[in-house]
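The following exercises concern a single protein chain. Each task is followed by a solution worked in steps.

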Amino acid sequence: MSSEASVVDHAVFDVAEYAARLPQTSDTMVADHRFTDDEAASARVFRVYKPTPPHTHSTCDEYLYSLSGRCLMKFGDEEPVEVGPGKLVVFKRGVVHSVPKILEEPMVFLSVDTPRRAPRDIRFVESGTGTPDSFMRQKD
């Protein structure tokens, strides 16, 4: 199977292998590798390198499973919560969320987005805090 994200009938992915291939540093806030890119859902592994400002996604709900690291995550006006290995984070499209602080690196998540999350689907709450290009660089 190709390492390119695609529509698949079935597959087995070594998530840990692809997580280990993510770069040690990045100019962007996040780098990811997409496993699947179906219209109904996309699956990917991503690393958070820098705190992310409050933002939303308009096209998908996200299911994030923390593989390594620890961070604070914030949803809307709620108090931040600590997320670490083994935690599942779920939020619907349009929910304002952020990572105000990385507590332990590498902060890596396995993500399933339903339906598919387009790479440029991000809207920052405050103007000037980020762009799709400063947010994420995809890693094959």
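A residue counts as buried under 20% relative accessible area, as exposed over 50%, and as partly exposed in between. The model is predicted, and the exercises below rest on values computed from it.

**Exercise 1. Classify arginine 116 and the residue with which its side chain meets in a salt bridge, and locate both in the chain.**

Step 1. Arginine 116 has 28% relative accessibility, and therefore counts as partly exposed.

Step 2. The side chain of arginine 116 meets that of aspartate 37 in a salt bridge, with an N to O distance of 2.6 Å. Aspartate 37 belongs to strand β1 (residues 30–37), whereas arginine 116 is in the loop between β7 (97–114) and β8 (123–124); the pair links distant parts of the chain, 79 residues apart.

Step 3. Aspartate 37 is also partly exposed, because its relative accessibility is 21%.

Step 4. Aspartate 37 forms a salt bridge with arginine 34 as well, and here the closest N and O atoms are 3.1 Å apart. Arginine 34 counts as buried, because its relative accessibility is 4%.

**Exercise 2. Explain why the salt bridge between aspartate 61 and lysine 92 ties together separate parts of the sequence.**

Step 1. The closest N and O atoms of aspartate 61 and lysine 92 are 3.6 Å apart. The cut-off for a salt bridge is 4 Å between a side-chain nitrogen of Lys or Arg and a carboxyl oxygen of Asp or Glu, so the pair qualifies.

Step 2. Aspartate 61 lies in strand β4 and lysine 92 in the loop between β6 and β7, so the bridge ties together parts that are 31 residues apart in sequence.

Step 3. Aspartate 61 is buried because its relative accessibility is 10%; lysine 92, at 45%, is partly exposed.

Step 4. The whole structure contains twelve salt bridges.

**Exercise 3. Determine which residues make the nonpolar surface patch and which strands supply them.**

Step 1. Tyr65, Leu67, Leu88 and Val90 make a nonpolar surface patch of about 350 Å².

Step 2. At least two patch residues come from each of β4 (61–75) and β6 (88–91).

Step 3. Leucine 88 is in strand β6. It counts as exposed because its relative accessibility is 56%.

**Exercise 4. Describe the largest cavity and the strands that contribute to its lining.**

Step 1. Two cavities of 30 Å³ or more are present, and the largest has a volume of about 150 Å³.

Step 2. This largest cavity is lined by 16 residues, of which Phe46, His55, Leu64, His97 and Phe135 are the closest to its centre.

Step 3. At least two lining residues are supplied by each of β2 (42–48), β3 (52–56), β4 and β7.

Step 4. UniProt, in an unreviewed entry, places the feature "domain: Cupin type-2" at residues 52–112. That stretch is 70% strand and 0% helix, and its end C-alpha atoms are 19 Å apart.

Key:
Residues are numbered from 1 along each chain as its sequence is written. This is a predicted model: local features need pLDDT of at least 70, side-chain atom pairs count only at pLDDT 80 or more; totals for chains, interfaces and linings use all residues. Side-chain values use heavy atoms; hydrogens and water are left out. UniProt positions are given in the numbering used here, feature names are shortened, and annotations may be inferred rather than shown by experiment. Helices (H or I, at least four residues) and strands (E, at least two) are DSSP runs, numbered from the N terminus. Patches are made of residues with over 30% relative accessible area and no salt bridge: like charges are joined within 9 Å, nonpolar side chains (Val, Leu, Ile, Met, Phe, Trp, Tyr) within 5 Å. Accessible areas come from the Shrake-Rupley method with a 1.4 Å probe; for residues, only the protein chains shown count as cover. Buried means under 20% relative accessible area, exposed over 50%, partly exposed in between (1.4 Å probe, protein chains only). On a 1 Å grid over the protein atoms alone, a cavity is a set of points where a 1.4 Å probe fits but cannot get out, and a pocket is an open set with protein on both sides within 12 Å along at least five of seven lines; lining residues have an atom within 4 Å of a point. Grid points are joined across faces, edges and corners, and a volume is the space filled by probe spheres set on the points.
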